[in-house]
Amino acid sequence: ELLTVSRIEATKLVLKKEDFSMENLARDLVAEFDPLAKSSNIKLVTDFESGLPKVTSDPFQTLQVLENLLYNAIRYIGSPIGGKQGEIMLKLTREGKFVMCQVSDNGIGIPKDDQRYIFQKFFRADNVRRYQTSGSGLGLYIAKNIIERSGGKMGFSSCEGKGTTFWFKLPVVKSSENQK
């Protein structure tokens, strides 16, 4: 992670952009993460809009972003309020010239005072340290940089004690927007 941060800051992080199916990438990753989610008593749910076009980005780096978001959701879901089972929703939709990916959980959320720092290097919210003492605080910083360098956008919404949704948008393939 430190090497990746160094490359980002030196503007030497190379993205090998190509056209790929975000849906296929997400389905493969969900299959990989499902056993971890189940062992943590977390239900991993998907909601993919049909007929999504391909996106243009670095598929390996995009996979790293999505892995980070799913892994964080599993790690920080904590104990859902009211004894409900933990749930993570991975949603893909089209929004104009972008494919939107959202990872939502019903976990501990991010305190309002910490939200402005969430994409800064080495930042970890105070409440997450109760659940996970390890972590570098670099994953979201790296993720946002990768998405932005791909021509996309990244953000989140959160309510402490209710959960968090991280989202990112990647551009649809320009040459054939209806390509699957």
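Visitor: How do you know how helix H2 and helix H3 are placed relative to each other?

Guide: The axes of H2 (residues 22-39) and H3 (residues 59-75) come within 10 Å and cross at roughly 35 degrees, where axes are lines fitted to C-alpha atoms, for helices over the stretch in contact, and angles run from 0 to 180 degrees between N-to-C directions. Helices (H or I, at least four residues) and strands (E, at least two) are DSSP runs, numbered from the N terminus. This is a predicted model, in which local features need pLDDT of at least 70 and side-chain atom pairs count only at pLDDT 80 or more, while totals for chains, interfaces and linings use all residues. Residues are numbered from 1 along each chain as its sequence is written, and side-chain values use heavy atoms, with hydrogens and water left out.

Visitor: What makes residues of H2 and H3 count as meeting?

Guide: Contact means heavy atoms within 4.5 Å, and among the residues of H2 that meet H3 are Leu25, Leu29 and Phe33, while those on the H3 side include Leu63, Leu66 and Ile74. The residues of this contact between H2 and H3 divide into 13 nonpolar, 1 polar and 2 charged, given that Ala, Val, Leu, Ile, Met, Phe, Trp, Tyr, Cys and Pro count as nonpolar, Asp, Glu, Lys and Arg as charged, and the others, Gly among them, as polar.

Visitor: What is the order of the strands in the open sheet?

Guide: The 5 strands follow the order E2-E4-E5-E7-E6, with mixed pairing, and two strands pair if DSSP finds at least two bridges between them.

Visitor: Why are strand E2 and strand E6 called edge strands?

Guide: E2 (42-48) and E6 (153-159) each pair on one side only. On average, neighbouring strands of the sheet are turned by 15 degrees against each other, direction ignored. H2 packs on this sheet, touching E2, E4, E5 (98-105) and E7 (163-171), and its direction makes about 170 degrees with that of E2.

Visitor: Why is threonine 93 called buried?

Guide: Threonine 93 has a relative accessible area of 15%, and buried means under 20%, exposed over 50% and partly exposed in between (1.4 Å probe, protein chains only), so the name buried applies. This threonine is found in strand E4 (residues 86-95) and, leaving aside its neighbours within four places in sequence, threonine 93 is in contact with Glu49, Leu52, Phe98, Val99, Met100 and Gln102.

Visitor: Is glutamine 61 buried or exposed?

Guide: Its relative accessible area is 14%, so glutamine 61 is buried. Glutamine 61 lies in helix H3 and touches Leu15 and Ile146, not counting residues up to four places away in sequence.

Visitor: How many disulfides does a search of the whole structure find?

Guide: The search finds 0 disulfides, a disulfide being a pair of cysteine sulfur atoms within 2.5 Å. Cysteine 101 counts as buried at 1% relative accessibility, whereas cysteine 159, with a relative accessible area of 37%, is called partly exposed.
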